[in-house]
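Open the model in your viewer and get ready to select side chains. This tour moves from ring to ring.

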Amino acid sequence: MSTTARAAKIFAPEDLRFVDETLQPVAAGMVRVAFGAGGICGSDMHYFRHARTGDFVVKAPLTLGHEVAGTISALGEGVSGLAVGDRVAVNPSRWCGHCKPCLEGRENLCENIYFMGSASKTPHMAGGFATEFDAIPAQCVKIPDSLSMEAAALAEPLSVCLHAVSRAGDMTGRYALVMGAGPIGLLTAMVARHKGAAQVAMADIAAGPLAFGQKLGFSPVVDVSKQDLAEGLGTPPDVVFEATGSPAGLNAAIKAVRRGGTIVQIGNLAAGELPVLANSVMSKEINLLGSFRFGNVFEEAVGLIASGTIDVTALITARRPLPDVVEAFRLALDRSQSVKVMLTAA
């Protein structure tokens, strides 16, 4: 028997609607999850503003949301290991497990991957900003009753940052700079510190997020709209994590990193050709690495959150009920007012 849910779907640039949708009975091997909480991500905001993010273009109405947690509300035939009522963090990645990248342990590069709330494949895979949504059991990681749904939902961005920091190698004793003090930048800084960085600096063009970073203990923090980055940093960093998703941010990272240093590109740059200081990459022998989503680190992220090792809730600056999703997105777009906006069950 079919049921009705409500979902936040993007139809066109700035045309986000909270609409009814019909859910068929849960398919065999699947689970249904009742929405508990969800974080609005930078890529969600790109979809909201432009109906695309990077090279991924919305071709049909797309339910947004990939930072989600909830409660199992129904099980399809043949599902084991989960029960109705289980509280879970939901990994938005659904990889195949048998292509070459999967077999190499690089599941995030899976040739057949589907990712919740993404237009990377057609038909698009629906996201989790819905009163109920479906997943496979492997996507669902049980969480303790003591852990809030909001904290559990942030396991996804923490996973992104765990992967990004791992791309840089051993962080012990290194001086790291994070370009961009948004949620991914702040979480990357937290992970770099957790992984042994001796010092973590932050740079941005917005005073509000930088003040947030300073409050979390990162130093120095450099407002590059007011101060030269090299002057603000003093010593060139060993590693730079580029989390602004802008050509200016990437080029600033290339200029700032020490000779022989490492840059990890996390931010999603605009589609097409972009001006990059490639000659400096050569002459400084910079290790320029990409970091795309995350691989097999989601359970580690849940563990770090559940243990209190990394306090992801420190980033939450506002909460809105799921039906108020349009207002929540507009608030999230205002960096002077928000860092991380969370959607909650109505």
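Start with K121 and Y114. K121 lies over the face of Y114, 5.7 Å from the ring centre. A charge sits over a ring if NZ of Lys or CZ of Arg is within 6 Å of the ring centre and within 35 degrees of the ring normal.

A note before you go on: this is a predicted model, where local features need pLDDT of at least 70, side-chain atom pairs count only at pLDDT 80 or more, and totals for chains, interfaces and linings use all residues. Residues are numbered from 1 along each chain as its sequence is written, and side-chain values use heavy atoms, leaving out hydrogens and water.

Next, select R293 and F115. The charged end of R293 sits over the F115 ring, 4.0 Å from its centre.

Now turn to ring pairs. How many aromatic pairs does the structure hold? It holds three. Rings of Phe, Tyr and Trp (its six-membered ring) pair if their centres lie within 6.5 Å; planes under 30 degrees apart count as stacked, over 60 as edge-to-face and the rest as tilted.

Select F48 and F329. Their ring centres are 5.4 Å apart and their planes are at 45°, so this pair is tilted. Are these two residues buried or exposed? Both F48 and F329 are buried (under 20% relative accessible area, with exposed over 50% and partly exposed in between; 1.4 Å probe, protein chains only).

F129 has 0% relative accessibility, so F129 counts as buried.

Last stop: show F48, F129 and F329 together. They form one aromatic cluster.
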